[in-house]
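The questions below ask what stands behind some of the labels used for this structure. Each answer sets a computed value against the rule that applies.

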Amino acid sequence: MGLKRRATLKAWNRISSFSRERGLFGDRDAVVLAVSGGPDSVVMLDYFARQARGRRLKLYVCHINHGLRGRESDADERFVRRLAESYGLPCGVFKARVRALARKSGSGTEHAARTERYRLLLKYARSRGCRLVATAHHSDDNAETVLLNLLRGTRARGLAGIPPSRQLGGGVRVIRPLMALTRREIEDYLRANGMKARKDSTNDDQKYTRNWIRATLLPLLEKKQPRIRGHLVDIAEDLSGKA
């Protein structure tokens, strides 16, 4: 079995098993795929698109242009439009006025972007009659969230990390099937399949605490405990009751 087939089947099996155990989606479901153009969402799109015929899934791609990175944001939008077209899938694109919303609400840019992103995803899902919205959060995101909440100060509930599924509103549920994979496994999938993805330059800015955790804190912790990411995910699963 070649490298491409091994990497692909390994990821598919992990995602499918994780989704089945947690009841994330089933055959014939209609799903909105939140695609930013980054590596994780590109892999999620490829997985669902390749499962669609056999499982009779109805898929819709949705991209939110937050307009925070100027031409880079617009290039992301064009990339996702072309990607959706290559799979023969409809693509809904929304413009989010994040800076204006942040000023109006008095919240930070990150919080405003997240709130508006989920509002628009819910709007699109309801317009297409979908009860599921899939986002591409992965296992490393979960480990980072546990540390982020710990640093900010949290009770045990905050250490439960990112839930694999939660209600979004109006009968629509968010699902996160890629939490079965690590960032490294996602990158392996991309390389094995020769797939391209967009890079968000703001992910390198360590003024954001999550980026500092990813780039500095976790690598330091791994020097003492190479399995720290897995341990953090195990804690989150224990506290969420999903173990």
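Q: What does partly exposed mean, and where do its limits lie?
A: A residue is buried when its relative accessible area is under 20% and exposed when that area is over 50%, while partly exposed covers the range in between. The model discussed here is predicted.

Q: Why is Lys10 called partly exposed?
A: The relative accessible area of Lys10 is 48%, and because this value lies between the limits of 20% and 50%, Lys10 counts as partly exposed.

Q: Is Glu185 buried or exposed, and what makes it so?
A: Glu185 has a relative accessibility of 16%, which is under the 20% limit, and therefore it counts as buried.

Q: How do you know that Glu185 and Lys10 meet in a salt bridge?
A: The N to O distance between their side chains is 3.8 Å, and because the rule asks for a side-chain nitrogen of Lys or Arg within 4 Å of a carboxyl oxygen of Asp or Glu, the pair qualifies. Glu185 belongs to helix H7 (residues 183-193) and Lys10 to helix H1 (residues 3-21), so this contact ties together parts that are 175 residues apart in sequence. By the same rule, the count comes to 19 salt bridges.

Q: What makes Asp140 and Arg229 a salt bridge, and which parts does the pair tie together?
A: Their side chains meet at 2.9 Å, N to O, a value that is within the 4 Å cut-off. Asp140 lies in helix H6 (residues 139-152) and Arg229 in helix H9 (residues 228-240), so the parts tied together are 89 residues apart in sequence. Asp140 is itself buried, because its relative accessible area of 7% is under 20%.

Q: Why does Glu144 count as buried, and with which residue does Glu144 form a salt bridge?
A: At 0% relative accessibility, Glu144 is under the 20% limit and so counts as buried. Its salt-bridge partner is Arg183, with the closest N and O atoms 3.1 Å apart. The two residues sit in helix H6 and helix H7 respectively, 39 residues apart. Salt bridges with shared partners join a network whose members include Asp140, Glu144, Arg183 and Arg229.

Q: Why is strand E1 described as largely enclosed?
A: Four of the five residues of E1 (residues 30-34) are buried, so the strand is largely enclosed by the rest of the structure.

Q: How do you know that E1 and strand E4 pair?
A: Three parallel bridges join E1 to E4 (residues 132-134), and because at least two bridges are required, the strands count as paired. Within this pairing, Leu33 stands opposite Ala134.

Technical notes
Residues are numbered from 1 along each chain as its sequence is written. This is a predicted model: local features need pLDDT of at least 70, side-chain atom pairs count only at pLDDT 80 or more; totals for chains, interfaces and linings use all residues. Side-chain values use heavy atoms; hydrogens and water are left out. Buried means under 20% relative accessible area, exposed over 50%, partly exposed in between (1.4 Å probe, protein chains only).
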